[in-house]
Amino acid sequence: MGSTVIQPPSDRVVSLLTRGEFMVVHEEDQSIRIADKGFPFLLKDLRTQVWILLLLYLRSLQEEKANVHDVLSFLFRLSFLTVGEGYQMDDLAFSESGLLQDLQDLGIIYRKHRDSKWLYPTQLAIGLSSTEAAKRDQEGWIIVGTDYRIYAYTSSPVKLLLLSLFTQIEYQLPNMVMGILLRENIRQAVQVGISANQILQFLETNAHPQMKQNTPIIPESIADQLRLWEAEDRRLSLSPGYFYDDFASLAAFKKAEKYARDVGALLYSDAAKRFLFVTEQGHQLLRRYVKQHLSSSSSSLTPK
């Protein structure tokens, strides 16, 4: 069984990924880690990723006072060439500016060596201006069952890593992977910034042609459950603060509640039980208000 060699990203690609806040480079040891925005970025289809990086690239060129119009014209011409066929590059300005190397780092062209005047467009370059080419190139490889099982027909380690972001991998065959959508995996994905809708979009985008004949593509029961699991993580939140109760009257409670809300300190209130929960910052303000305006209606407060 062969090994896969993964080349480190170029400086230009690293700068684009950090510019888009998809990854973070630690200054101490120059180690790289995925940022919160990076996980949703990974789940986008390949062409969307390329376009996002291209837009960031064009903005960086604008800041460098480069001629963006010429770059766009070059990209447009690239999209009408033939995949894998060699083309001689006569424009020395592009060669010397580093544009060709940048496009090669982004996977849009290929050159045998850095100084080569011959370039070979990749499939990504051909589909830059053609949605039809993108659709033809986008071959589905995922089947989602109503029993929460996922069957992925792939041997790509990259696709396997993407699936593992939100799927429990059960077993792997030479050209097929079987996994299952579990509550724990979905909640872990949500915690790193991946939403249920992004997962569903990823599954739909890469759905097997057999699945794309279904309406909806992803079973509704699966989609609803993923959203419920996502909501579980957002239903409760912990906030430090102070608890006020034992108001002598409902009127006193209402005044304190209104004041806490007006100053932005109110976290939670219950009129039936006459208690408030306020922020740490708002505690001093509310305590002063209670002493000055509600002194006849005593209330107790308990820090939490």
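The paragraphs below lead through the nonpolar cores, the strands, the aromatic pairs and the salt bridges of this structure.

The model is a predicted one, in which local features need pLDDT of at least 70 and side-chain atom pairs count only at pLDDT 80 or more, whereas totals for chains, interfaces and linings use all residues. Residues are numbered from 1 along each chain as its sequence is written, and side-chain values use heavy atoms, with hydrogens and water left out.

A nonpolar core is here a set of buried Ala, Val, Leu, Ile, Met, Phe, Trp, Tyr and Cys residues joined through side-chain atoms within 4.5 Å, where buried means under 20% relative accessible area, exposed means over 50%, and partly exposed lies in between, with a 1.4 Å probe and protein chains only. The largest such core has 30 residues, and those with the most contacts inside it are Phe166, Ile199, Phe202, Leu203 and Leu226. Among the elements that give two or more residues to this core are helix H2 (38-43), strand S6 (142-144), strand S7 (149-152), helix H10 (183-191) and helix H12 (220-235), while H11 gives the most, with five residues. Helices (H or I, at least four residues) and strands (E, at least two) are DSSP runs, numbered from the N terminus.

With contact taken as heavy atoms within 4.5 Å, and not counting residues up to four places away in sequence, Phe166 touches Leu43, Ile150, Leu181, Asn185, Ile186, Ala189, Ile199, Phe202 and Leu203. Apart from this core lies another, of 29 residues, among them Leu17, Leu58, Leu61 and Ala125. Phe166 also belongs to a cluster in which ring pairs link it with Trp141 and Phe202.

The strands come next. Two strands pair if DSSP finds at least two bridges between them, and by this criterion three strands form an open antiparallel sheet in the order S3-S5-S4. Strand S3 (87-88) and strand S4 (109-110) stand at the edges, each with a single partner strand, so one side of each is left without a neighbour in the sheet. S3 pairs with strand S5 (residues 118-121) in the antiparallel sense over two bridges, and the bridge partner of Tyr87 in S5 is Leu119. Gln88, which is also placed in strand S3, touches Lys117 and Trp118, not counting residues up to four places away in sequence. Gln88 and Ser116 are 28 residues apart in sequence and 8.9 Å apart in space, C-alpha to C-alpha.

Asp270 is buried yet has no salt bridge, and the nearest side chain of opposite charge, Lys273, is 4.9 Å away. Lys and Arg count as positive and Asp and Glu as negative, whereas His and the chain ends are not counted.

The structure holds nine aromatic pairs. Rings of Phe, Tyr and Trp (its six-membered ring) pair if their centres lie within 6.5 Å, and planes under 30 degrees apart count as stacked, over 60 as edge-to-face and the rest as tilted. Tyr259 and Tyr289 form a stacked pair, 4.2 Å centre to centre with 5° between the planes, which links distant parts of the chain, Tyr259 in helix H13 (residues 250-262) and Tyr289 in helix H14 (residues 280-293), 30 residues apart. Tyr259 is partly exposed, with a relative accessible area of 23%, whereas Tyr289 counts as buried at 16%.

Seven salt bridges are counted, each being a side-chain nitrogen of Lys or Arg within 4 Å of a carboxyl oxygen of Asp or Glu. Glu63 and Arg19 meet in one of 2.7 Å, N to O, which joins helix H3 (residues 46-63) to helix H1 (residues 11-19) across 44 residues; Glu63 counts as exposed at 54% relative accessibility. Arg183 and Glu232 likewise meet in a salt bridge (2.7 Å, N to O), linking helix H10 with helix H12 across 49 residues.
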